[in-house]
Amino acid sequence: MINDPDAISALLKSSKNIAVVGLSPKQHRASYMVAAYMQAHGYRIIPVNPGYAGDLILGECCYPGLIEASREHAIDIVDCFRNADDIPPIAEQAIAISAPCLWMQSGIVNVAAAAALQSAGVFVVMDRCLKIEHQIRPNLFSDTSNR
């Protein structure tokens with residue numbers, strides 16, 4: 001089921017590594033603010049942005065794509081800061097690396113990609129902000145020592 005609140009809670013509690021596709025090094029951008037917040041709450045951020053491949057963003061090496069990032073890191077959540085039309089190839093990569101979840105940030109909806117992801121067993125979140133979803137579940141995240 002897409003956007004299932006109980007599944008989102010379980011996902012956030014069990015996840016450790018978030019690949020942020022479209023992460024910008026610019027501190028005023030939403031992708032940076034969300035990633036910095038999640039990092040501050042114990043998650044490992046894995047930047048994915050071909051324009052900054054090899055650079056450091058939030059102290060982490062940026063990768064050109066999910067395939068390259070998955071060679072060095074386990075990925076629990078693929079968090080997308082890209083236009084809805086850009087989601088299908090990201091979804092294909094998420095399926096190829098067996099990512100458990102693909103998360104489309106607020107304002108991003110791609111029903112066809114979501115259907116393909118679900119058929120491949122990938123949990124899908126659409127049109128939701130990862131930071132806000134984390135913030136509304138404070139009791140689940142008082143202990144981040146397991147991260």
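Helices (H or I, at least four residues) and strands (E, at least two residues) are DSSP runs, numbered from the N terminus. The model described here is predicted, so local features need pLDDT of at least 70 and side-chain atom pairs count only at pLDDT 80 or more, whereas totals for chains, interfaces and linings use all residues. Residues are numbered from 1 along each chain as its sequence is written, and side-chain values use heavy atoms, with hydrogens and water left out.

The description may start from the sheet. Five strands form an open sheet with parallel pairing, in the order S2-S1-S5-S6-S7; two strands pair if DSSP finds at least two bridges between them. S2 and strand S7 (123–125) are the edge strands, each pairing on one side only. On average, neighbouring strands of this sheet are turned by 20° against each other, direction ignored. Here axes are lines fitted to C-alpha atoms, for helices over the stretch in contact, and angles run from 0 to 180 degrees between N-to-C directions.

Strand S5 pairs in the parallel sense with S1 over four bridges, and with S6 likewise in the parallel sense over four bridges. Ile77 of S5 is the bridge partner of Ile18, while Asp79 stands opposite Trp103 in S6. Both faces of S5 are covered, with Ile77 and Asp79 buried on one side and Val78 and Cys80 buried on the other. Buried means under 20% relative accessible area, exposed means over 50%, and partly exposed lies in between (1.4 Å probe, protein chains only).

Asp79 and Cys80 lead on to Gln105, as both are among the residues that Gln105 touches. Gln105 is found in the loop between S6 and helix H5 (111–119). Why does Gln105 count as buried? Gln105 counts as buried because its relative accessible area is 4%. Not counting residues up to four places away in sequence, its contacts (heavy atoms within 4.5 Å) also include Val34, Phe81 and Asp127.

Val34 belongs to helix H2 (residues 30–40), where Ser31, Tyr32, Val34, Ala35, Tyr37 and Met38 are buried. An α-helix has 3.6 residues a turn, so residues three or four places apart point the same way. The cover over the buried residues of H2 includes helix H1 (5–14), strand S1 (17–21), strand S2 (44–48), strand S5 (77–80) and helix H6 (130–135). After H2 comes Gly42, with a positive phi near 95°.

Two residues other than glycine also have a positive phi. Leu58, with a phi of about 55°, lies in the loop between S3 and strand S4 (60–61) and is buried at a relative accessible area of 17%. Ser98, with a phi near 60°, lies in the loop between H4 and strand S6 (101–104) and counts as exposed at 59% relative accessibility.

The largest pocket holds about 360 Å³ of space. On a 1 Å grid over the protein atoms alone, a pocket is an open set of points where a 1.4 Å probe fits, with protein on both sides within 12 Å along at least five of seven lines, and lining residues have an atom within 4 Å of a point. Of the 20 lining residues, Val21, Gly22, Val48, Asn49 and Arg82 lie nearest the centre of the pocket. H2 and helix H4 (87–96) each supply at least two residues of the lining, and H4 gives the most, with three.

Notes: Grid points are joined across faces, edges and corners, and a volume is the space filled by probe spheres set on the points.
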